Amino acid sequence: MNALPAPTAVIADDERLMRDQIIASLKQAWPELVIVGEASNGREAVAMVQSEEPDIVFLDINMPGMDGIQAAKALAGQVHVVFVTAHDQYAITAFEHGAVDYLLKPASADPERVALTCERLRARLKQAPDPMNDLLAQLSQRLGAGGLKPREYMRWVQASVGANIRMIPTSDILFFRAEDKYTRVQTPGFEALIRKPIKELIDELDPDEFWQIHRSTVVRVDAVGEVSRDFRGRQIVHVKGSAEKLEVSRTFNHLFKQM
Amino acid sequence: MNTDQRSPGTDDAAETGKSGPGSRQSGARQTLQEIGDGIAAAWWRFFDWLAVVSWKKLLLVSLLALILGGILKHPDPVFMFIIASFIMKAVAGGKRRAELTASAATMRAEKEQLERTVLEARMEALQAQIEPHFLFNTLASIDQLIQTDPPRASKMQQSLIRYLRSAMPQMRDGSRPSLGQQINLCTAFLEIMAVRMEERLQPVVSVPEGLKSAVFPSMMLQTLVENAIKHGLEPKPEGGRLEIGAEIVDGQLAVHVLDTGMGFMPSAEAGVGLANVRERLKALYNGRAELIISVPPAGGTCATIKVPYEIAPASPPP
């Protein structure tokens, strides 16, 4: 028996009490396992696994800096991974089909489950660690951690209002209008200035939420009250909550074509 | 209500023409356009006036115009114009009435929408009140402390009980919650989180005793505190400070939650939490309350809720 070196593990969780608890549960279920290090975030975990070269790493999914899934990606194929989570239904479904194991917090509540995990790990230590490609892709998608994510549009505009910097939710904004060097942000209650030109802004805003109607004007679609024509046939947008009238340039006339 | 909105082609549009893309027009054309815009503006103003003016006043003005026409010895065109005005008034008056009905209907629909939102928000608050993640993690921490530090385990369990107790009755009775109740709830929550996060969370609650009896809506402060931890401090490896403060500003009660965490992400989805707070404030105070998210000079995030300052009636003993 002494011919085999003792198996080693690193525990990563941002809460010390949680690490202590996993260590205590493991001690009972698998006394031979040697804990060679503890990490409090994903980055530390990756560094520690690379320096200590343990057989197993227990990774909490929710960790600051770099989460458990990103850490697992960085460590794929180098170490056997067990994910630890308190309550992530998506993650659990994903694990159940995967080659990698998971533990539910609190581990102490279910010693049999911990024992089962240890048994599986003992068997798997003889093989090379699984690269977990499919599982990680699936997890990233489900938990939105890194990897493939739908495009994120601006939901808040950081703007100066007087001497303060405020975060204005885009749902409060009636329209943006270019003014000299600045862009004016108009809400029903106040106006603010930002430096970002309309040209850049339009790329960051959700095209379903905001429409550009003029080279210098972007309006929130839901804020449009009515569209009328002036005597020369130009379309004029009236915005709910503001007396200002916004001209639609010909390039954007098609936006308000009659149904 | 919207007489202004019905007059297109007025000064604003003319200004846009000047500063907008069409500015490379020749001077002559521009002058013509301005004259055109002026006439159009005057015409629409007259039309609007006609639509809203009372028949009595219109008669009086017509009489004056006729007399003026008589003096100038051209009563015929004036008379024609007056007849035309009366016809237009008849037509435009109908349009105006239709508009009023339409705007009343819109307001009714908006009110109903708001009532629905409040109901939904209340349901959601009921369901989402105690996040399972939080509960499981806290129980796991208590379990660990029972092994290693029983007195602390007991203290944490008491905090959890206080938290659960103060979180529950708020939704049941319709009584108006006070700021003090909300602070107690948040303090219990912060005590729990401080045990779990250790030095990564430094909570500071500085609310003057005198303000604790003020009326403050339920579950809003809690949302701000949870956000500050979840999005501000937990994702930051070294953690930071979380401060709850309250003051009276211009007759309004302003309660803020400030954290020195990650800072606000402009692309962050408004989130159910903040959106709920905004909707509920709108429904409860009808524009007299607001939620402001600002960026403190030192970084992090500061969320402030401003509501009208009122003293809560003393709550009956349980």
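Tutor: A strand is a DSSP run of E, at least two residues long, and strands are numbered from the N terminus. The model discussed here is predicted.

Student: Which strand of chain B holds H256(B)?

Tutor: The strand in question covers residues 252-259 of chain B. H256(B) falls within that run, which is strand 3.

Student: Is H256(B) buried, exposed or partly exposed?

Tutor: A residue is buried with 20 or more other C-beta atoms within 10 Å of its own, and exposed with 12 or fewer. H256(B) has 19 C-beta neighbours inside 10 Å, so the class is partly exposed.

Student: Which residues does H256(B) touch, not counting those up to four places away in sequence?

Tutor: L224(B) lies 32 residues from H256(B) along the chain, with 8.6 Å between the C-alpha atoms. Leaving out residues up to four places away in sequence, the ones that H256(B) touches are G245(B), C302(B), A303(B) and T304(B).

Student: In the open sheet of five strands in chain A, which strands are at the edges?

Tutor: The strand order is 2-1-3-4-5, with parallel pairing. An edge strand pairs on one side only, and this holds for the runs 34-39 and 101-104 of chain A. From one strand to the next the twist averages 20°. The edges are therefore strand 2 and strand 5.

Student: Which residue is the bridge partner of D60(A) in strand 4 of chain A?

Tutor: Strand 3 (residues 56-60) and strand 4 (residues 80-85) of chain A run parallel and are joined by five bridges. In strand 4 of chain A, D60(A) has as its bridge partner V84(A).

Student: At what angle does helix 1 of chain A run to strand 1 of chain A?

Tutor: Helix 1 (residues 16-29) lies across strands 1, 2, 3 and 4 of chain A. Its angle to strand 1 of chain A is about 150°.

Student: Which residue in the turn between strand 6 and strand 7 of chain A has a positive phi?

Tutor: Strand 6 (residues 156-161) and strand 7 (residues 164-169) of chain A pair in the antiparallel sense over six bridges. V161(A) stands opposite N164(A). The hairpin has two residues between its strands, and the one with a positive phi, about 60°, is G162(A).

Student: Which residue of strand 14 of chain A stands opposite E226(A)?

Tutor: Strand 13 and strand 14 of chain A pair in the antiparallel sense over five bridges. Strand 14 (residues 235-239) also pairs with strand 15 of chain A, over three bridges. There K245(A) stands opposite H238(A). The residue opposite E226(A) is likewise H238(A).

Student: Which element of chain A gives the largest share of the side that touches chain B?

Tutor: The contact takes 45 residues from chain A and 40 residues from chain B. Elements of chain A that each supply at least two residues include strand 6, strand 7 and strand 13. The side of chain A has 16 nonpolar, 14 polar and 15 charged residues. The largest share, six residues, comes from helix 1.

Student: Which residue of chain B is the bridge partner of M167(A)?

Tutor: Strand 7 of chain A and strand 4 (residues 290-294) of chain B pair in the antiparallel sense over two bridges. In that strand of chain B, the partner of M167(A) is I293(B).

How values were computed. Residues are numbered from 1 along each chain as its sequence is written. Chains are lettered from A and ligands numbered from 1 in the order in which they are written. This is a predicted model: local features need pLDDT of at least 70, side-chain atom pairs count only at pLDDT 80 or more; totals for chains, interfaces and linings use all residues. Two strands pair if DSSP finds at least two bridges between them. Helices (H or I, at least four residues) and strands (E, at least two) are DSSP runs, numbered from the N terminus. Axes are lines fitted to C-alpha atoms, for helices over the stretch in contact, and angles run from 0 to 180 degrees between N-to-C directions. Two residues are in contact if their C-beta atoms, placed from the backbone, lie within 7 Å. Ala, Val, Leu, Ile, Met, Phe, Trp, Tyr, Cys and Pro count as nonpolar, Asp, Glu, Lys and Arg as charged, and the others, Gly among them, as polar.
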